[in-house]
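Visitor: I've just opened this one up and I'd like someone to walk me through it. Could we take it a question at a time?

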Amino acid sequence: MLESVSVEHGAIAEVSLRRPPQVASGDYSKAVQDYNRALELAPLASDTWVVYLNRGCVLNKLGDSEGALQDLNEALSLKPNDVSPMHL
């Protein structure tokens, strides 16, 4: 079980590291796909809120304000003391 947790945690970290080049290149759809996959692999990881935050930002860039708001609210519910989702 510990091995699967570390693999799942690695998936979240890997997605976070790949985000900047995809966003910088404008490949927002690919970024959203990667965030979706990270959430499938590790929906309960301690840093899942970051994936929701980042995906919310990308969805906003894609013009999906409703989806962005849902993700930002989820990020805020997972990490209520972080104000990052409120600044978008």
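Predicted model: local features only at pLDDT ≥ 70, side-chain atom pairs only at ≥ 80, totals over all residues.

Visitor: What share of the residues in the protein chain is buried?
Guide: A residue counts as buried when its relative accessible area is under 20%. The protein chain has 88 residues, and the buried share of them is 34%.

Visitor: Let's turn to α3. Is it largely enclosed or largely open?
Guide: Helix α3 covers residues 48-61. Its buried residues include W49, V51, Y52, L53 and L59. In total, 10 of its 14 residues are buried, so the rest of the structure leaves α3 largely enclosed.

Visitor: What distance should the 14 residues of α3 span, and what is the distance between its end C-alpha atoms?
Guide: The expected span takes 1.5 Å times one less than the number of residues. For the 14 residues of α3 that gives 20 Å, and the distance between the end C-alpha atoms agrees, at 20 Å.

Visitor: Which residue just after α3 takes a positive phi?
Guide: Look just past the end of α3. The phi there is about 90 degrees, and the residue is G63.

Visitor: How are α3 and α4 oriented, roughly parallel or roughly antiparallel?
Guide: Helix α4 runs over residues 65-78, and its axis comes within 8 Å of the axis of α3. The two cross at roughly 160 degrees, and angles over 145 count as roughly antiparallel. Their crossing is left-handed, and the angle therefore makes α3 and α4 roughly antiparallel.

Visitor: Which kinds of residue make that contact of α3 with α4, and how many of each?
Guide: On the α3 side you'll find T48, W49, Y52 and L59, among others, while α4 brings residues including A68, L72, A75 and L78. Sorted by kind, the contact of α3 with α4 has 8 nonpolar, 4 polar and 3 charged residues.

Visitor: And how does α2 sit against α3, roughly parallel or roughly antiparallel?
Guide: Helix α2 takes in residues 28-41, and its axis is 10 Å from that of α3, at an angle of about 155 degrees. The cut-off for roughly antiparallel is over 145. So α2 and α3 are roughly antiparallel.

Visitor: Y52 keeps coming up. Is it buried or exposed, and which residues is it in contact with?
Guide: Y52 lies in helix α3 and has 17% relative accessibility, so it counts as buried. Leaving aside neighbours within four places in sequence, Y52 is in contact with L39, D71, E74, A75 and L78.

Visitor: What about L78, which residues does it touch?
Guide: L78 is found in helix α4. Its relative accessible area is 44%, which means it is partly exposed. Not counting residues up to four places away in sequence, L78 touches T48, W49 and Y52.

Definitions and conventions. Residues numbered from 1 in each chain as written. Heavy atoms only, no water. Axes fitted to C-alpha atoms, helices over the stretch in contact; angles between N-to-C directions. Helix = DSSP H or I, 4+ residues; strand = E, 2+ residues; numbered from the N terminus. Parallel < 35°, antiparallel > 145°, perpendicular 65-115°, else oblique. Left-handed = near helix turned anticlockwise from the far one by under 90°. Contact = heavy atoms within 4.5 Å. Nonpolar A, V, L, I, M, F, W, Y, C, P; charged D, E, K, R; others polar. Buried < 20%, exposed > 50% of the residue type's maximum accessible area, 1.4 Å probe, protein only.
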